[in-house]
Amino acid sequence: NFSRVTEFILLGLSDTRELQLLLFTFFFLAYAMVLLGNLLIIVAVRTDPKLSSPMYFLLCNLSFIDICCSSVTSPRMLVDLLSQRKAIAFEDCIAQLFFLHFAGASEMFLLTVMAYDRYTAICKPLHYTAIMSRQVCWVLVSACWAGGFLHSVVQTLLTIQLPFCGPNTIDNYFCDVPPVVQLACTDIYVTEWLMASNSGLLSLVCFLVLVTSYTFILVTIRVRFTEGHWKALSTCASHVMVVTLFFVPCIFIYLRPFSTFPFDKHICVISTVFSPVMNPLIYTLRNKEVKVSMWKLWKRCRV
């Protein structure tokens with residue numbers, strides 16, 4: 001007898017009531033920091049003419065994507081932490097999976113573009129203005145969103161074509177590919193390898209491209225070191241921190257067969273919570289221009 005699953009039960013991070021309230025407080029503050037910090041960056045970049053370079057244009061887009069990524073999982077997680085029964089409809093689960101990979105893959109591509117921007121600024125400074133024009137920046141950002149959309153469509157199609165007729169308990173606090181496909185009532189060997197080659201290989205390739213570009217940057221700085229290159233090195237250091245926080249968990253989660261290795265939901269906290277929180281902190285605390293712009297914005301708001 002075939003009966004399609006209509007909802008999934010999320011187990012969350014803990015079943016202890018006291019710990020759930022503690023986690024709710026922590027994640028609520030983290031989500032508030034994500035919204036406030038990234039919105040401040042967007043407003044500061046959009047209102048300050050001095051922050052009109054391609055680097056800040058890309059940073060503004062990164063802040064917007066971070067808000068999207070965090071908003072896909074955090075509001076639902078906060079509600080579930082205060083609920084006794086953490087159920088999510090099948091359609092809502094698939095929608096959450098789609099938008100999570102849409103925003104996540106777009107951020108991967110955008111971080112790669114930001115590394116290319118820094119490589120061009122440091123290694124080819126005389127041609128930087130011509131290479132990274134505003135039109136080129138818009139094309140690159142649009143390509144990031146298009147690539148993220150295509151990636152997410154593939155992941156979603158591979159998921160919804162599976163039959164779900166048995167267990168409906170997801171050992172996680174949101175719907176993601178690994179824990180969801182393991183509930184399918186069929187052999188998922190081919191599907192999980194297709195998904196691993198899509199998400200996992202994409203994460204690994206982008207990460208290797210980023211490491212290569214920053215290696216070239218470090219070699220260039222070592223050869224001709226000036227005060228301007230010291231500033232560039234500081235900027236690149238913040239980028240490397242963001243890249244590490246974002247890509248390492250993604251590679252660990254997706255670049256392996258889902259049914260062979262147990263899914264670690266606590267690793268997801270790094271990419272869905274800590275990474276969006278750290279981005280505005282890293283880019284503001286290590287960037288003098290952004291801090292000055294935010295201070296000017298604060299003084300204008302007080303008047």
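Leu194 counts as partly exposed, because its relative accessibility is 43%. This is a predicted model, and Leu194 sits in helix H7, which covers residues 189–223.

**Surface patch**
- Leu194 teams up with Tyr189, Val190 and Trp193 in a nonpolar surface patch.

**Cys93 and Cys175**
- These two cysteines form a disulfide, with 2.0 Å between their sulfur atoms.
- The link ties together distant parts of the chain, 82 residues apart: Cys93 in helix H3 (residues 90–123) and Cys175 in the loop between strand S3 and helix H6.
- The link is left-handed, at -120° about the S-S bond.
- Cys93 counts as buried because its relative accessibility is 0%, and Cys175 is buried at 0% too.

**Cys165 and Cys185**
- Here the sulfur atoms of the disulfide are 2.4 Å apart.
- Cys165 lies in the loop between helix H5 and S3, while Cys185 lies in the loop between H6 and H7, 20 residues apart.
- Cys165 is partly exposed at 29%, and Cys185 is partly exposed at 32%.

- Counting bonded cysteines along the chain, the disulfides follow the pattern 1-3, 2-4.
- Cys60 is in no disulfide, and the nearest cysteine sulfur, in Cys68, is 12 Å away.
- Cys60 is buried, with 13% relative accessibility.
- The sulfur of Cys68 is too far from its closest cysteine sulfur for a bond, because Cys69's is 7.1 Å away.
- Cys68 is partly exposed, at 22% relative accessible area.

Methods:
Residues are numbered from 1 along each chain as its sequence is written. This is a predicted model: local features need pLDDT of at least 70, side-chain atom pairs count only at pLDDT 80 or more; totals for chains, interfaces and linings use all residues. Side-chain values use heavy atoms; hydrogens and water are left out. Patches are made of residues with over 30% relative accessible area and no salt bridge: like charges are joined within 9 Å, nonpolar side chains (Val, Leu, Ile, Met, Phe, Trp, Tyr) within 5 Å. Accessible areas come from the Shrake-Rupley method with a 1.4 Å probe; for residues, only the protein chains shown count as cover. A salt bridge is a side-chain nitrogen of Lys or Arg within 4 Å of a carboxyl oxygen of Asp or Glu. Helices (H or I, at least four residues) and strands (E, at least two) are DSSP runs, numbered from the N terminus. Buried means under 20% relative accessible area, exposed over 50%, partly exposed in between (1.4 Å probe, protein chains only). A disulfide is a pair of cysteine sulfur atoms within 2.5 Å.
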